[in-house]
Amino acid sequence: LRKEGFAVDVRLPRGKGKLPLRADPDAVSEALINLLTNAMKYSGQNRSIVLAAGRQAASVYCSVRDRGTGIRKETLPHLFDKFYRDPELPRKLQGVGIGLSVVRHIMDAHAGTIEVKSEPGKGSEFILRFPAHIRQRGEKTA
């Protein structure tokens, strides 16, 4: 990110407590890397990305937000389809169309969800929501 000239704003919860999440760290890393790669690809000249994590009610979330090209409303229903590529985007911006389907698969495997907020010309935010893990009495932490 820094090599490509991106400013990254990381927003984490205050305090020393960890987020109550039980997940495959490699899979979650892969999901976030896919989202960050897309954010870089579609940021255009506005090289600013916000990466956030926190807790809301019974879930833990991670989000990636850019201020780039955004996603057309017509594209949103197909966004997580394997091999889908928006026909309106220049070919140089397109990949093979599996990154977001991989993210959806990872979230399904964790009983989580993925939410997309986007507006053309203003950017996109992808929010991964995982069920919060409530530690049982006597359970040890990792």
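**Figure 1. T75 and its contacts in a loop.** Setting aside neighbours within four places in sequence, T75 is in contact with Y84 and D86. The model shown here and in the other views is predicted. T75 sits in the loop between β3 and α2. Is T75 buried or exposed? T75 counts as buried because its relative accessible area is 2%, and buried means under 20%.

**Figure 2. The open sheet has 5 strands.** Their order is β1-β2-β3-β5-β4. The pairing is mixed. Which strands stand at the edges? They are β1 (residues 7-11) and β4. Each edge strand has a single partner, so one of its sides has no neighbour in the sheet. On average, neighbouring strands are turned by 15 degrees against each other, with direction ignored.

**Figure 3. β1 pairs with β2.** These two strands run parallel. They are joined by 5 bridges. Look for V8, which stands opposite I49 in β2.

Figure 4. Strand β5 covers residues 123-131. Of its 9 residues, 7 are buried, so the strand is mostly covered. How many bridges join β3 (residues 59-66) to β5? There are 7, and the two strands run antiparallel. In this pair, R65 stands opposite E125 of β5. Strand β4 (residues 113-119) is also joined to β5 by 7 bridges. This pair runs antiparallel too. Here V116 stands opposite F126 of β5.

Figure 5. α1 has 17 residues. From its first C-alpha to its last, α1 reaches 24 Å, close to the 24 Å expected at 1.5 Å a residue. At the start of the helix, a side-chain oxygen of D24 comes to within 2.9 Å of the backbone nitrogen of D26. Which residues of α1 are buried? They are A27, V28, A31, L32, N34, L35, L36, N38 and A39. The cover over these buried residues includes β2, β3, α2 and β5.

**Figure 6. Helix α2 lies across β4 and β5.** This helix runs at about 25 degrees to β5.

**Figure 7. The largest nonpolar core holds 23 residues.** Which of them touch the most other members? They are L35, V64, V103, I114, F126 and L128. The elements that give two or more residues to this core are α1 (25-41), β2 (48-56), β3, α2 (99-109) and β5. α1 gives the most, with 7 residues. Now focus on L35. Leaving aside neighbours within four places in sequence, L35 is in contact with V64, L100, V103, F126 and L128.

**Figure 8. H133 lies in the segment after β5.** This view shows what follows the strand. H133 has a relative accessible area of 23%, so this residue is partly exposed. Its C-alpha atom is separated by 8.4 Å from that of A58. Along the chain, H133 and A58 are 75 residues apart.

Notes: Residues numbered from 1 in each chain as written. Predicted model: local features only at pLDDT ≥ 70, side-chain atom pairs only at ≥ 80, totals over all residues. Heavy atoms only, no water. Buried < 20%, exposed > 50% of the residue type's maximum accessible area, 1.4 Å probe, protein only. Helix = DSSP H or I, 4+ residues; strand = E, 2+ residues; numbered from the N terminus. Pairing = 2+ DSSP bridges. Core = buried A, V, L, I, M, F, W, Y, C linked by side-chain atoms within 4.5 Å. Contact = heavy atoms within 4.5 Å. Expected span 1.5 Å × (residues − 1). Polar contact = N/O pair within 3.5 Å; in protein donor to acceptor, adjacent residues only side chain to side chain. Axes fitted to C-alpha atoms, helices over the stretch in contact; angles between N-to-C directions.
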